[in-house]
Amino acid sequence: MHRAAMNKFKRILTHCRLANSLSSRNYSVRGEKVTHLPHISIFPSSKIHSPINFTNSHNQRFFFSSKPESFIEIFSSNDWSNKLDKELEDSDLALTHENVMYVLKKLGKEPNKASRFLKWAVEKNGFEPNSSIYSSILRIYANKDFLKEFWVTIKEMKDKGYYIDEETYKTIFSTFRGLKMENEATALRHFYERLIKENTVDDKVKQVVDVVKSDEWGENVESQLSNMEITVSDNFALRVFKELRGKGYPAKAFEFFKWVERSLNFEHNGVTYNGILRVLCWEDSISEFWFVMDEMKGAGFELDIDTYIKVSRQLQKNKMLGDAVKLYEHMMDSSYKPSFTECNSLLRTIATYTTPDLDLVFRVVNKYEAAGYSFSKNIYDGIHRSLTSLGKFDEAEKIVEAMIKAGFEPDNITYSQLVFGLCKSRMFEEATKVLDVMEEQGCVPDIKTWTILIKGHCAANQIDKALLCFAKMMEKGFDADADLLDVLINGFLSQSRILGAHTVLVELVAKARLRPWQSTYKNLIQKLLNERKLEQAMELLRLMKRHNYPPFPEPFVRYISKFGSVEEAKEFLMALSVKEYPTVSAYQHVFKSFFDESRHSEAKDLLFKCPHHIRKHPAISALFGSAD
């Protein structure tokens with residue numbers, strides 16, 4: 001079967017003009033309405049019942065009446081006038097940290113309005129921004145039209161002793177790079193590096209953190225802190241919390257949080273409550289997290305929307321999905337309801353878990369619906385994704401029927417989720433039939449749908465059938481992409497078919513003009529060298545160079561220094577550079593590796609074969625002098 005599948009794969013590559021196949025076709029979806037997903041009779045029956053009433057949810061409308069929404073309504077207006085100024089002055093809208101953060105989030109895509117709001121809050125109402133507010137407005141200003149405001153704000157932050165946290169720096173740096181604003185990205189990097197060198201964590205903060213980290217929390221730590229004459233401010237507390245974010249320290253951050261309140265009579269507020277919660281969202285400090293949540297609520301403060309987003313994503317990353325859903329429910333009952341995007345992200349995380357918890361899915365959806373929101377297609381997709389992943393295909397079909405009644409038609413996402421679920425349930429024949437049904441319904445499978453089908457086969461070690469699906473895809477005029485190639489390569493590697501993986505990659509690069517991912521190259525090179533297939537690995541190294549990827553010398557140097565010949569070392573060095581000769585440091589690396597393996601004679605033989613400028617280079621001469 002291996003040879004038959006591989007031969008068909010090669011025939012398809014030979015006879016299909018892959019490079020231009022997609023551009024010569026105009027696929028379109030037929031005009032008729034898709035009324036249902038095909039019911040495949042072998043779908044297993046299941047008894048689970050959705051606790052959601054889908055029939056009327058799409059007719060519900062949501063209207064805002066909370067105070068932060070009143071701010072947004074006023075500042076979203078394009079008709080700014082003295083009348084609005086008067087209304088704001090006469091209103092009793094409270095400018096809390098949470099309100100300001102919420103409004104900035106909602107106005108994030110309208111820098112003019114966000115800037116106008118913050119200026120009004122500061123200049124006319126005496127609002128004092130903290131580091132979180134500054135970070136939020138910096139992200140809003142990070143575009144070509146607001147550079148003046150961006151740099152003025154950064155200077156203001158620095159003058160007031162506020163820091164730019166690493167996450168904000170990385171986000172803005174990536175934004176500048178994405179907008180091709182290289183000068184600004186470089187200037188920001190230099191500014192951030194200068195802040196680090198200047199030790200923006202002042203001496204007192206550093207002393208406190210060192211004491212807290214030095215020992216288990218107890219009388220000794222508290223005694224040392226009491227003797228330090230600490231003056232606590234919001235900013236001071238936030239900086240201490242920030243330095244205690246690492247693994248093993250959140251519980252100590254909580255103890256410090258309670259100690260300044262108990263021993264220094266510091267009164268916590270919305271800023272410090274939100275600051276400590278960002279630190280506590282880990283499994284070993286989750287009980288402290290919920291303790292602070294309850295205490296904060298009792299004190300009349302709320303979780304701000306920026307903190308919610310960061311904490312929720314960290315909980316999801318930590319696979320603490322029950323806590324993530326509980327937090328979502330809390331926020332949906334607050335004045336600062338998360339956006340649809342956050343709901344969709346949470347549903348996707350739950351659905352992509354190994355075994356999705358349907359109770360969590362329906363808790364999220366029910367809370368979303370109870371807030372008055374109508375179901376979008378993404379919400380239906382989120383439910384459908386979980387059901388198909390669990391193999392509950394009958395229930396999944398009912399969700400699709402409800403979705404159609406709500407005015408949303410099945411598309412590639414809907415079908416792809418079904419294909420994924422069928423493959424996960426090892427129902428490969430049925431999964432393949434779905435793509436045929438899609439075409440009958442006028443919904444042509446896209447490259448992502450094909451990739452899911454092929455990946456499903458690979459995950460079940462059905463590599464030959466995956467190749468046949470791949471060949472069928474190309475017969476229909478689709479080109480592979482780097483994502484699909486990576487799936488195929490990993491499929492081969494999972495069965496230790498290293499040379500087969502090499503053949504697939506080389507054939508696709510040659511015939512389909514495909515540019516593999518750098519990580520695909522690296523992974524396969526490592527595997528080839530582990531099997532002592534230096535020739536094939538060298539071929540991939542040359543392809544990497546042709547695709548303008550940086551050199552990948554490390555595994556080759558390790559291999560050649562142990563097992564390689566002098567000629568192989570020379571060939572490797574020449575393959576490294578696009579110029580006539582590689583750098584001196586590349587030669588040094590190889591020579592040192594030979595010395596480390598006590599292969600001095602091979603190192604000297606290689607030196608003899610090197611060009612004159614390398615043999616006479618002081619660094620190389622010094623290396624051989626020390627070896628002698």
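What volume does the second largest pocket have?

1. **Ground rules.** Please keep in mind that this is a predicted model, where local features need pLDDT of at least 70, side-chain atom pairs count only at pLDDT 80 or more, and totals for chains, interfaces and linings use all residues. Residues are numbered from 1 along each chain as its sequence is written, and side-chain values use heavy atoms, leaving out hydrogens and water.

2. **Overall make-up.** The protein has 35 helices and 0 strands; these are DSSP runs numbered from the N terminus, with helices being H or I of at least four residues and strands E of at least two. Of its 628 residues, 51% are buried, meaning under 20% relative accessible area with a 1.4 Å probe and protein chains only.

3. **Two cores.** A nonpolar core is a set of buried Ala, Val, Leu, Ile, Met, Phe, Trp, Tyr and Cys residues joined through side-chain atoms within 4.5 Å. The largest holds 119 residues, and Phe117, Leu225, Phe256 and Phe289 touch the most other members. A second, separate core has 82 residues, including Val434, Cys458, Tyr521 and Met538.

4. **The largest pocket.** A pocket is an open set of points on a 1 Å grid over the protein atoms alone, where a 1.4 Å probe fits, with protein on both sides within 12 Å along at least five of seven lines; lining residues have an atom within 4 Å of a point. Grid points are joined across faces, edges and corners, and a volume is the space filled by probe spheres set on the points. The largest pocket comes to about 1,200 Å³. Its lining has 43 residues, with Arg139, Glu167, Asp306, Ile309 and Lys310 nearest the centre. Helix H16 (305–317) is one of the contributing elements, and H16 gives the largest share, 8 residues.

5. **The second largest pocket.** Here is the answer: about 810 Å³. This pocket is lined by 27 residues, and Ser416, Phe420, Lys448, Ile452 and Lys455 lie nearest its centre. Helices supplying at least two lining residues include H22 (412–424) and H24 (447–459).

6. **Cysteines.** The structure has 0 disulfides, a disulfide being a pair of cysteine sulfur atoms within 2.5 Å. Cys281 counts as buried because its relative accessibility is 2%. Cys610 is buried too, with a relative accessible area of 4%.

Methods:
Buried < 20%, exposed > 50% of the residue type's maximum accessible area, 1.4 Å probe, protein only.
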